[in-house]
Amino acid sequence: MLSYPNIVNTFLKMVELLESKRISLHDELEKIVLESSISNLAYVDGRKTAKKLGFDIWQDLKQTYHEKDLKKELKIKDLYTDSQAFPDFMFKSIFENSRLVGGEILELKDSKGGSIASFNSTIPTEYKTLKEIERLNGSKGKIVIKIAEIFDKNSSYPEWKTYKRKCFYLIRTHKKDENKVKVSIVDGAFFETIPEKDLISSMFQNIFNKHAKEYPIPDKVKENASQVFQYLTDHSLISFSQDIPKASIKPRLRIMAEAKNEGNPHWERYNIPPKTLNLIIKADNESKTARNIIEESELPIEIFTIAHQNDGEFLVFSYKVR
């Protein structure tokens with residue numbers, strides 16, 4: 001059973017739309033997603049942006065609910081705002097074989113050059129639960145959950161907020177260069193090559209080590225500090241404003257992340273061709289199911305593998321725009 005059926009179907013729909021020239025690799029990424037999958041989405045962060053692009057995400061619900069009732073239910077003044085929360089898109093869940101699958105997370109990253117745009121406020125991971133997303137977004141977390149509850153018919157299942165949802169990233173590089181542009185839906189596993197908790201604790205250890213080179217810190221303190229850093233693992237807690245006694249301000253650390261070359265699927269050594277749309281997934285047992293679905297579509301999609309320098313083999317499904 002495939003845990004990310006919406007992503008595979010969205011990729012195939014994008015290929016069909018590119019074949020028929022109804023979208024292009026240079027369209028807004030939001031338009032590419034909405035055009036290919038609006039009916040399967042449980043959450044759209046940029047409702048205002050979607051409307052400007054000609055997509056009313058509330059259109060079907062308005063057949064059942066009055067607009068003022070939706071606003072009251074969601075406790076918002078305007079249905080058409082951009083929340084600027086995480087994620088950009090979330091798909092509906094699917095109840096299959098007595099468990100929930102799907103509900104995938106999709107985050108957009110657009111760049112004029114060959115590097116991936118920075119990950120702001122979130123660390124890219126392979127999975128996230130809705131509980132983690134609610135916590136990560138602070139005061140905006142409840143609106144994300146409320147909207148998803150309205151659109152997802154499976155939201156009443158007890159495990160709906162706690163089951164692990166696959167995270168994907170729609171990445172475009174060289175967005176204005178028609179000879180270099182590449183667009184890929186990338187498995188979060190491509191970026192999470194060590195567990196997030198180890199990444200965060202190692203980050204604090206690195207900062208401490210740099211201090212230790214500049215200041216005379218006793219060896220015993222260094223040893224104790226290393227033990228403490230093992231418990232600093234939750235970046236959502238770190239990003240909260242801190243109330244410090246007698247301080248007149250509340251400082252807040254904002255976590256950002258940048259992909260190294262080996263974490264960029266469009267890095268030249270990975271040989272992803274230009275002018276292509278790609279789906280890049282971890283080559284595991286589940287990827288065999290995805291491969292069968294894509295091969296059965298009989299669309300002109302090439303299949304090859306790339307060797308991630310830190311995380312083994314990934315399967316690439318690649319469509320070249322004609």
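1. A quick term before we start: a residue counts as exposed when its relative accessible area is over 50%, as buried when that area is under 20%, and as partly exposed in between. With that in hand, take Ser98: its relative accessible area is 64%, so Ser98 is exposed. You'll find Ser98 in the loop between β3 (93-96) and β4 (99-102). Its backbone deserves a look too, as Ser98 has a positive phi of about 65° although it is not a glycine. Bear in mind as you read on that this is a predicted model.

2. Lys275 is another residue to check for its backbone. Lys275 is not a glycine, yet its phi is positive, at about 60°. Look for Lys275 in the loop between β10 (256-257) and β11 (276-282). Is Lys275 buried, exposed or partly exposed? Its relative accessibility is 33%, so Lys275 counts as partly exposed.

3. While you're on the backbone, go to Pro87. Pro87 sits in the loop between α4 and β2 (89-91). The peptide bond leading from Phe86 to Pro87 is cis, and its omega is near 5°. Phe86 turns up again in the next point.

4. Now Thr122, which belongs to the loop between β6 (119-120) and β7 (127-128). The relative accessible area of Thr122 is 6%, so this residue is buried. What does Thr122 touch, if you don't count residues up to four places away in sequence? The answer is Phe86, Leu136, His235 and Ile255.

5. On to the rings. There are twelve aromatic pairs in the structure. One of them joins Tyr169 and Phe191 edge-to-face, with 5.4 Å from centre to centre and 80° between the planes. This pair links distant parts of the chain: Tyr169 is in strand β8 (residues 165-173), while Phe191 is in the loop between β9 (182-187) and α7 (196-214), and the two are 22 residues apart. Tyr169 has a relative accessibility of 1%, so Tyr169 counts as buried. Phe191 is buried as well, with a relative accessible area of 15%.

6. Next, Phe190 and Phe314. Their ring centres are 4.9 Å apart and their planes lie at 65°; since planes over 60 degrees apart count as edge-to-face, that is what this pair is, because of its 65° angle.

7. Now for helix packing, with α1 (residues 5-19) and α2 (residues 29-37). The axes of α1 and α2 are 9 Å apart, and the helices pack at an angle of about 105°. The two are therefore roughly perpendicular to each other. On the α1 side the contact is made by Thr10, Lys13, Met14 and Leu17, and on the α2 side by Ile32, Val33, Glu35, Ser36 and Ser37. Sorted by class, the contact of α1 with α2 has four nonpolar, three polar and two charged residues.

8. How do α4 (residues 67-74) and α6 (residues 141-151) cross? Their axes come within 10 Å and cross at roughly 135°, which means that α4 is oblique to α6. From α4, Leu70, Glu73 and Leu74 meet Ile143, Lys146, Ile147 and Ile150 of α6. In this contact there are five nonpolar, no polar and two charged residues.

9. Finally, Arg291, which is in helix α10 (residues 285-296). Its relative accessibility is 33%, so Arg291 counts as partly exposed. Leaving aside neighbours within four places in sequence, Arg291 is in contact with Ile303, Leu315 and Phe317. For a sense of distance, pick Leu70 again: the C-alpha atoms of Arg291 and Leu70 are separated by 40 Å, and the two residues are 221 residues apart along the chain.

Technical notes:
Residues numbered from 1 in each chain as written. Predicted model: local features only at pLDDT ≥ 70, side-chain atom pairs only at ≥ 80, totals over all residues. Heavy atoms only, no water. Phe/Tyr/Trp six-rings, centres within 6.5 Å; stacked < 30°, edge-to-face > 60°. Helix = DSSP H or I, 4+ residues; strand = E, 2+ residues; numbered from the N terminus. Buried < 20%, exposed > 50% of the residue type's maximum accessible area, 1.4 Å probe, protein only. Axes fitted to C-alpha atoms, helices over the stretch in contact; angles between N-to-C directions. Parallel < 35°, antiparallel > 145°, perpendicular 65-115°, else oblique. Contact = heavy atoms within 4.5 Å. Nonpolar A, V, L, I, M, F, W, Y, C, P; charged D, E, K, R; others polar.
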